[in-house]
Every structure is written in C-alpha cells, then in structure tokens.
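Welcome! Here is a short briefing to read with the structure open beside you. Take the topics one by one and look for each residue as you go.

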There are 2 protein chains.
Amino acid sequence: MVGGGQLARMTHQAAIALGQSLRVLSAGPDESAALAAADVRIGAHDDLAALRDLADGATVVTFDHEHVPTEHLRDLVAAGTRVAPGPEALVHAQDKLVLRRALAEAGEPQPAWAEVRSAEDVSAFADAHGWPVVLKTPRGGYDGKGVFVVPDTAAAAELVERHGTLLAEQRVAMVRELSAQVARSPFGQVAVWPVVETVQRDGVCAEVVAPAPGLSDELATAAQELAVRIADRLGVVGMLAVELFRTADGILVNELAMRPHNSGHWTIEGAVTSQFEQHLRAVLDYPLGSTAMTAPVAVMANVLGGAAAAEDWAGPGLDERIHHLMAHWPDVKLHWYGKGQRPGRKLGHVTALGKDPAAVRARAVAAARYLADGVVDPAFAFPTEH
Amino acid sequence: MVGGGQLARMTHQAAIALGQSLRVLSAGPDESAALAAADVRIGAHDDLAALRDLADGATVVTFDHEHVPTEHLRDLVAAGTRVAPGPEALVHAQDKLVLRRALAEAGEPQPAWAEVRSAEDVSAFADAHGWPVVLKTPRGGYDGKGVFVVPDTAAAAELVERHGTLLAEQRVAMVRELSAQVARSPFGQVAVWPVVETVQRDGVCAEVVAPAPGLSDELATAAQELAVRIADRLGVVGMLAVELFRTADGILVNELAMRPHNSGHWTIEGAVTSQFEQHLRAVLDYPLGSTAMTAPVAVMANVLGGAAAAEDWAGPGLDERIHHLMAHWPDVKLHWYGKGQRPGRKLGHVTALGKDPAAVRARAVAAARYLADGVVDPAFAFPTEH
C-alpha cells in the first residue's frame with residue numbers, strides 16, 4: 001500500500017486476520033502505519049524507484065491516498081505489476097475535471113460545472129449559475145484544501161492567476177451530505193454498505209452516522225445503485241466512496257475516493273465486513289464479505305487535534321485522557337493512530353453502536369471531544385443508553 | 001510480549017487500535033506474530049538476555065504462553081521491569097501442582113488430586129479414587145501434551161520413572177467442559193465474559209460456543225465468581241481463563257491460562273471488547289472495556305492442519321480454499337495465522353455469529369472443516385440461517 005497514514009494502519013490490521021501482511025510505502029518512520037506494519041519501506045509516493053521497490057514481489061499495489069502520479073502507475077502496470085484500482089480508474093479520484101467529464105458523459109447527477117482558465121470564464125459561469133461560485137483545484141486537494149468559495153470576479157481572477165485551470169461548480173443548496181460506499185472486485189462482484197450521513201466541519205469529516213437517519217429507502221437504494229454504476233463504469237477495483245450532496249430534489253455527486261475512506265471507519269465494528277477487509281478482499285480478488293450491520297446504528301466521530309494538542313496545553317495528557325475515555329465510555333471503541341499531536345490533525349476516531357441514533361451520536365461525540373479538547377461538553381456529559 | 005504465536009499476532013492487531021505497537025520476542029522470523037508486528041526480536045523465551053532485551057524500554061512485559069522460567073521473571077522484576085501477570089501469579093498457570101495446592105488452600109472446587117513420586121503413591125491414590133488415574137506433568141504441557149490416562153500400577157511406574165514427580169488426578173465423570181474468562185487490572189478492576197462451552201478433540205480445543213448452551217444462570221454466575229475469586233486471590237494482571245469440568249454436581253477447576261486463550265477467540269467479533277484488547281488494557285493499567293456480546297450466539301471453530309495440510313494433498317490449495325470459504329460463507333470471519341501448514345497444527349480459526357446455536361455452530365464447523373480438509377461434510381453443507 002502506497003502511503004503510511006491511518007488508512008494503511010487500519011488496512012494492516014485487517015490484513016492480519018486474512019493471514020496477510022501489508023507492505024507499506026511510508027514517507028517516514030513515524031507515520032501511522034509505519035509504526036504498526038511489519039514490512040515498511042521509507043520513500044516518497046511520487047518517486048518511481050520507491051514505487052518499483054514497493055511493487056517488487058508484492059501481489060498487488062494499492063493506495064491509502066490519491067496522490068501517486070498517474071504516469072508512474074502506468075509505468076508499474078507496463079512492467080507487469082497489478083495495480084488496484086488501476087490508473088485509468090484512479091484518475092477519476094485524482095482529477096476533479098476528469099471526474100466531472102466522465103459523470104457528464106454517463107449522465108449521472110452532479111452540480112453544474114465548467115472548466116475555467118480565466119476570470120472571464122468564471123464570470124460567464126456565474127452569469128448562468130449565480131454567485132458565489134465554488135472553485136476547485138483539479139488535483140491535490142483533500143479535507144477542504146484546494147476548495148474556494150468565490151464571491152466575485154476579482155476573487156476569481158486571483159485564484160485563476162495562482163492556480164491556472166480550475167473546476168468551477170455551482171454552489172449547491174445542500175440539505176446534508178451523504179456517502180455511498182461500494183467495493184468491487186476484478187471479477188466484477190460488488191458489495192454496498194448502508195448509505196451514511198457525513199457531518200463536515202471546516203471541510204473536514206467530523207462525524208458519520210450509519211445508516212443516514214431518516215433517509216428514504218428509495219433514495220438510499222438510488223445512492224447505492226449510483227455508486228455501483230460508477231464503480232462498474234470506471235472499472236474500480238477496491239473500495240469506492242461516492243460523496244454525495246443531498247439537495248431538496250435528490251442527490252448529486254460531490255467527489256470520489258478509491259480507497260478506504262473516513263466515511264467508512266464505522267464498518268470496523270458496525271458491519272460484518274469492514275471497509276479495510278473488503279478493500280483487501282477486492283484488490284486480492286477474493287469474494288467479498290457480508291456488509292450487514294452488526295447493530296441498528298453506528299456513529300463514528302473523528303478526533304481532530306484540539307485544545308489538548310496545543311503546545312501550551314496544561315490539562316490531562318493523552319494517556320490520562322484515554323484512561324478517562326475508557327472509564328467513562330466502556331462500550332465506545334477507540335482507534336488511535338499513533339501520530340504526533342497537532343491542532344487540526346486527524347489523530348484517531350471513536351465508534352459507538354446502539355439503537356437510538358441521537359443517543360449513540362451523543363456518546364460518540366462526547367468521547368471524541370473529550371479526547372480532543374480534554375473537557376466534557378456539559379451537553380454531552382457521559383450520556384448512556386439502556 | 002514473550003512468544004510469537006497467534007496469540008501475540010492477534011494481540012498486536014488489538015494494540016494497533018489503542019495507538020500501541022507490540023514488541024514481540026519470537027523464536028524465529030516465520031512465527032505467526034513475527035510476520036505481522038513492527039518490532040520483532042528473535043530469541044528464545046528461556047534466554048534471560050533475550051528477555052532483558054525485550055524488556056528494555058517496554059512499558060510492560062507480558063506473555064503469549066506460560067513457558068518462561070519463573071526465575072527469569074523474578075530477575076526481570078528485580079531489575080525494575082513491570083511483568084504482567086507477575087511471576088508469583090503466573091506460576092499457578094505454569095505448575096499444575098502449585099495450582100492444586102493453592103486451590104485446595106482456598107477451598108475452591110477441583111478434582112481429587114495428589115503429588116506422586118512413585119508407583120506406590122499412584123496405587124495408593126487409586127485405592128482411594130479408583131482407576132484409571134490421570135497423571136500430568138506439573139510443567140510444560142499444553143493441548144493435551146503431558147496428560148496421561150493411566151489404567152494400572154505398571155503404566156504409572158513407567159511414567160513416574162520417566163517424568164519424576166507428577167500430579168495425580170481423579171478421572172472426573174464430566175458432562176462437558178466450560179471456560180470462564182476474566183480480565184483483571186493492577187487496580188483490581190475485573191471484567192467477565194459470558195461462560196462458554198469448549199469442545200475438545202484429542203485434547204485440543206476444536207470449538208467454543210458462547211454463551212454455553214443451556215447453562216443455568218446460577219451455574220454461569222458461580223463460574224464467573226469463581227474466576228474472579230481466583231484472579232483476585234492470585235493477583236492476576238491481564239487475562240485469566242479458568243478451564244472447568246462440568247460434572248453432574250457442579251463445576252471443578254481443570255487448569256488456568258494467564259493470557260489470551262483459545263476459549264476467548266470468539267470475543268474478537270462476538271463481544272464489544274475482545275480478550276486481546278482487554279489483556280492490553282489490563283496489563284497497561286487502563287480501565288477495562290465492556291464485555292457485552294454483540295450477538296446472541298458466537299461460535300469459534302479452530303482450523304487444525306488436516307487432510308489439506310498433508311504433503312501428498314492434491315486437492316484445492318490454501319488460497320483456493322480461502323476463496324471458496326469466502327464465497328460460501330460471506331458472514332463467517334476468518335483469522336488465518338500465516339504459519340506453515342502441518343497436520344494437527346493450529347493454523348487459524350473462524351467465527352460465526354447469529355441467533356440459533358445449532359445453526360451458528362453448523363456454519364462455523366463447516367467452514368473450518370472445509371479449510372482444514374478441503375471437503376465439505378454433507379451434514380454441514382453450506383448451512384444458512386435467516
């Protein structure tokens with residue numbers, strides 16, 4: 001797996017059960033997966049020699065992020081390496097303009113969009129769809145980076161000057177965000193999980209509620225079918241997350257991830273087969289596992305570096321906070337990534353299971369906030385569900 | 001963790017979620033845990049220098065088996081290393097005579113027993129309790145090794161000659177075998193799981209059914225309380241499995257394991273907190289997690305090297321058998337240990353969850369037999385539960 005982040009770390013955990021071991025290409029020895037995996041190569045994801053070394057003797061090469069240059073992947077494939085997802089599929093998760101063109105060709109629902117190279121292009125787009133316009137760098141963005149909400153032509157001009165070609169999108173009147181995850185094997189077998197609601201804060205995933213509360217069966221099925229159609233059409237092998245905007249009228253595709261995804265962390269405890277195991281099954285060409293839920297409701301809450309990750313933090317240290325977490329919420333499952341603490345960084349997540357969405361969510365959020373900020377929000381103080 | 005077997009492998013998996021990484025002392029680089037852990041030291045469990053190297057910088061030293069010499073552990077403790085369980089507790093899982101004496105002193109239920117040093121001692125024991133007599137080597141036995149069912153004085157004489165001092169036990173008229181698992185922290189917190197039924201074949205654990213079918217609440221509680229009393233009295237830190245004989249009259253203690261145990265593998269999927277995570281929480285002095293079950297019934301079936309592990313096996317290979325397993329039982333969870341295949345060796349296990357004990361057990365057993373022997377027992381052909 002290219003990339004030594006938490007996705008690789010959790011994929012290694014799943015690999016252990018399958019009798020496998022993940023070889024990880026990690027940018028450094030202190031990356032999340034490098035601390036836990038048996039076979040770690042230190043190198044850059046855009047260094048062809050490092051990629052070739054990773055591929056040497058491996059069954060298949062797969063990814064914990066989308067940033068490997070497409071030409072390097074084509075090079076590996078030409079040399080006989082199995083790469084999953086393949087470069088022709090993966091490019092749709094790497095390049096937002098390529099994705100928009102493919103979805104348009106397929107007639108799939110998405111926001112109005114245009115490729116823009118000048119302030120005039122943006123201005124023309126705004127004439128048709130109104131201000132503000134959302135401008136996105138086609139490549140390299142994640143967790144809200146590379147996304148700009150632009151109020152006028154002057155702001156647009158500055159961005160186009162700095163970044164060159166951009167993707168312009170209509171700002172969607174969104175009710176909420178959903179994610180539909182599907183795994184697809186080279187054989188063409190697909191497996192979908194229940195559609196989830198994702199709650200973003202400052203462009204970063206904060207919480208995921210499975211299944212999405214109050215989502216109609218019709219819309220849930222439509223989202224799952226949409227994810228399967230995209231996986232099939234693009235020839236995805238492995239996990240695909242389709243991030244969706246729920247609007248008053250229906251659903252629109254926001255973007256894709258072709259790897260285990262933050263919106264699927266709940267599946268570790270909340271589904272019979274986790275996204276990490278399923279990704280491995282798919283890229284290794286094994287039959288896929290059951291995606292049935294293990295409880296009526298699962299909620300995942302991210303722990304982002306908060307007050308307790310600040311340099312001047314004088315409250316309880318991490319170890320003490322973990323003690324308190326375990327004492328107060330003995331049924332909440334902790335996943336700590338082993339990274340250095342920095343404000344805003346994804347340091348871990350927690351998952352709670354239960355029956356009542358509001359109670360489960362309160363439990364997960366309270367636990368995550370306590371780890372992040374070292375204080376208990378009175379509104380979420382030690383909620384329990386019986 | 002001393003020992004590189006599957007228990008260390010699965011403990012490393014649990015450690016990853018806690019933000020930890022297990023350092024493993026493994027007899028060789030191809031041991032189960034050595035293939036999956038990030039920090040592997042190759043060395044023998046009875047080599048004091050190797051143990052000291054393992055302990056250097058570690059938070060705590062713990063075990064995947066009972067075979068570390070007690071004097072080495074005392075040496076580590078004297079040098080300031082935290083060892084959990086400590087040598088004074090662990091000796092009760094290492095030496096069956098020490099255990100029998102301690103249980104007698106505590107007044108806990110156990111089979112009639114005696115320390116025997118001669119054929120005459122065995123004969124006198126048999127006069128009181130009848131033939132056959134069960135003779136056990138006090139140390140070093142596991143999976144039925146070191147246990148002898150002796151019909152007469154001549155056979156006893158031969159064993160005493162070969163082994164020296166032995167433990168003699170009355171052969172118990174046993175209805176079935178049970179196991180009660182408890183975790184205990186240095187703080188004294190304890191957590192128990194439901195009492196399970198263990199099914200042995202040729203002295204080796206074959207299946208575990210959780211909870212033990214048809215066990216009365218009274219007896220289940222009595223077994224849990226017995227396990228807690230033993231853990232407290234012996235000062236166990238970490239996991240304790242109390243293997244029990246169910247007789248017509250009640251329960252008797254067979255033996256103890258002070259580590260994650262085969263009778264608790266079902267907890268990975270079947271309980272909120274697995275025995276592996278709980279062992280880590282306990283030895284790291286964290287609060288213990290919920291032991292609630294995630295489904296009404298969980299059944300674990302071991303995969304022992306069978307027909308398909310023989311040298312002349314001409315049927316489907318391991319990879320093909322895993323394919324078939326996954327295709328036919330998409331809800332059965334596989335745990336493959338990555339070891340070389342040999343007949344009789346514990347190579348992996350499977351776990352199934354559900355509502356009906358008979359149906360869940362049939363599914364788990366069929367899947368395990370298929371992996372072991374490469375054939376589907378018609379009596380267990382692809383059972384499903386709806």
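Predicted model: local features only at pLDDT ≥ 70, side-chain atom pairs only at ≥ 80, totals over all residues.

- You will find A:Ser26 in strand β1 of chain A, which covers residues 23-26.
- Is A:Ser26 buried or exposed? Its relative accessibility is 0%, so A:Ser26 counts as buried, because buried means under 20% relative accessible area.
- The side chain of A:Ser26 also has a polar contact: it reaches the backbone oxygen of A:Gly28 at 2.7 Å.

**A:Gln275 in a helix**

- A:Gln275 belongs to helix α10 of chain A, made up of residues 275-283.
- With a relative accessible area of 0%, A:Gln275 is buried too.
- Which side chain does the side chain of A:Gln275 join in a polar contact of 3.1 Å? The partner is A:His265.
- A:His265 is also among the contacts of A:Gln275 beyond four places in sequence, together with A:Gln181, A:Trp193, A:Met239, A:Pro260, A:His261, A:Gly264 and A:Thr267.

**Strand β7 of chain A and its partners**

- Why can we call strand β7 of chain A (residues 174-184) largely enclosed by the rest of the structure? Nine of its 11 residues are buried, so the rest of the structure largely encloses it.
- Strand β11 of chain A (residues 238-247) runs antiparallel to β7(A), and 10 bridges join the two. One example to find is A:Ser179, whose bridge partner in β11(A) is A:Glu243.
- β7(A) also pairs with strand β9 of chain A (residues 196-201), over three bridges and in the antiparallel sense. Here A:Leu178 has A:Glu197 of β9(A) as its bridge partner.
- In β8(A), A:Ala191 is the bridge partner of A:Ala183.
- Together β7(A) and β8(A) form a hairpin, with five residues between the strands. In the turn, look for A:Gly188, which has a positive phi of about 95 degrees.

**Where chain B meets chain A**

- How many residues of chain B are in contact with chain A? There are 38, and they touch 38 residues of chain A.
- About 3,000 Å² is buried between the two chains, and carbon and sulfur atoms give 55% of this area.
- Of the area that chain B buries against chain A, B:Ile16, B:Tyr286 and B:Met326 supply 21%, more than any other three residues.
- The interface has two salt bridges. In a salt bridge of 2.9 Å, N to O, the side chain of A:Glu277 meets that of B:Lys333.
- Between chain B and chain A, 22 residue pairs are in polar contact.
- On chain B, the elements that give two or more residues to the side touching chain A are α1 (6-17), α10 (275-283), α11 (318-328) and β14 (333-336).
- Sorted by class, that side of chain B has 19 nonpolar, 12 polar and seven charged residues.

How values were computed:
Residues numbered from 1 in each chain as written. Chains lettered and ligands numbered in written order. Heavy atoms only, no water. Contact = heavy atoms within 4.5 Å. Buried area = accessible area lost by both parts, 1.4 Å probe. Salt bridge = Lys/Arg side-chain N within 4 Å of Asp/Glu carboxyl O. Polar contact = N/O pair within 3.5 Å; in protein donor to acceptor, adjacent residues only side chain to side chain. Helix = DSSP H or I, 4+ residues; strand = E, 2+ residues; numbered from the N terminus. Nonpolar A, V, L, I, M, F, W, Y, C, P; charged D, E, K, R; others polar. Buried < 20%, exposed > 50% of the residue type's maximum accessible area, 1.4 Å probe, protein only. Pairing = 2+ DSSP bridges.
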